[in-house]
Every structure is written in structure tokens, then in C-alpha cells.
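Subject: Structure for you to look at

Hello,

Here is the structure I promised to pass on. Please open it and keep it beside this email while you read.

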Amino acid sequence: MASSSTSVTPSSHLAAKLAHPRAISSHFSSNPNSLNISFPLKNGSFKLRRNAPSITLKTLFAHDPKAAVVTKDTWEKSVMNSDAPVLVEFYASWCGPCMMVHRIIDEIASEYAGRVSCFILNTDTDFPVAEVYNIMAVPVVLLFKNGERKESVVGTMPKEYYIAAIERILKS
């Protein structure tokens, strides 16, 4: 588990206590000396500004992904020309269910290291690849062997579904 901290500057200690912890948005400008973080409240919002006394926020969990990122630029080499079977999760950064699938794919990447190559592909930034495989919604997991699409798992499924698809590919 990784830990990091960021200093922010509240204008009111009471407002910081009233802020809903799941509803924090931040806005960073190109100016490194300018920081503006908003905490939405029931009756308006609370803004943190640079010139007030600072407090420290700690990151309690930082995800250390096991599945590598694949893009349209690395697709051919990483997926199509791979000697090992390949699992690719198609996701979008705004997709909540995709984050659940990420955790499963990371577990699988660790468990099948050396036998299956696991990747994730962001459909927002690499739409041309998703379009080739008719990915209309996310999450979708595709499995490839010898550059050919062999299996697909659509939606958020239990880990056993992904494992069963991988085992079928390994036996073929």
C-alpha cells in the first residue's frame, strides 16, 4: 500500500469537516503556484486556496496495477504478435464497473504471470482499437491467442468467468 501526501489550504476548518469525502473535485491550472480544490457542501461549496494555512491529506490506497497499458501504438506488438495468450480489458476512466474489473484483471495478471499477458486499453483515448472489435460498452474483456480473438467476457463478472475463459484458451 502506497502512501503520499498533498498540502492544501482551507479557509475554514469547519467547512472542511462538513465536506462530503466522496465528493471532492480538484482543478489544477498550468501555473504550479495555483491550486484550487472544491469540496461540495449541502449549501454551496468550500474552496481551498493557496494563501491560507495548510493541512495535509494522505492517500490511503494507491493502486499498483499488474496489467500493463496497451495503446493503438503498441497493439500490434503487444497483442497481435504475442507468443503467449493475451487478455485485454477495454475500459473507460469514468466507468465505475471497470474499476472493479481492473482489480480482478490485476489478480489474474499476478496469478497467470508468464502464461498469459494481461493488458488494459482505455477506449476513450484509443477508440480506433475498440472500434475494430465492435466494443460499444465497457467493460469488455477479450482474449487472444496467436493474434486471433478467441473469447470475450462482456460486463462485470465474477473472477471465475475470466478464469474459465483463460483456461479454455490455454487448453486450445
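Start with Y133. Y133 is buried, because its relative accessible area is 14% and the cut-off for buried is under 20%. Bear in mind that this is a predicted model.

Now look at what Y133 pairs with. The model holds five aromatic pairs. One of them joins W75 and Y133. Their ring centres are 5.6 Å apart, the planes make 50 degrees, and the pair is tilted. W75 sits in helix α2 (residues 75-80), while Y133 is in the loop between α4 (127-132) and β9 (140-145). The pair therefore ties together parts that are 58 residues apart in sequence. W75 counts as buried too, at 7% relative accessibility.

W75 has another partner, F144. Here the centres are again 5.6 Å apart, but the planes stand at 85 degrees, so this pair is edge-to-face. It also links distant parts of the chain: W75 is in helix α2 and F144 in strand β9, 69 residues apart. F144 is buried, with 1% relative accessibility.

W75, F90, Y133 and F144 form one aromatic cluster.

Next, find R115. It is in the loop between α3 (96-111) and β8 (117-122). Beyond its neighbours within four places in sequence, R115 contacts A84, P85, E167 and L170. The C-alpha atoms of R115 and I166 are 9.9 Å apart, though 51 residues separate them along the chain.

Best wishes

Technical notes
Residues are numbered from 1 along each chain as its sequence is written. This is a predicted model: local features need pLDDT of at least 70, side-chain atom pairs count only at pLDDT 80 or more; totals for chains, interfaces and linings use all residues. Side-chain values use heavy atoms; hydrogens and water are left out. Helices (H or I, at least four residues) and strands (E, at least two) are DSSP runs, numbered from the N terminus. Contact means heavy atoms within 4.5 Å. Rings of Phe, Tyr and Trp (its six-membered ring) pair if their centres lie within 6.5 Å; planes under 30 degrees apart count as stacked, over 60 as edge-to-face and the rest as tilted. Buried means under 20% relative accessible area, exposed over 50%, partly exposed in between (1.4 Å probe, protein chains only).
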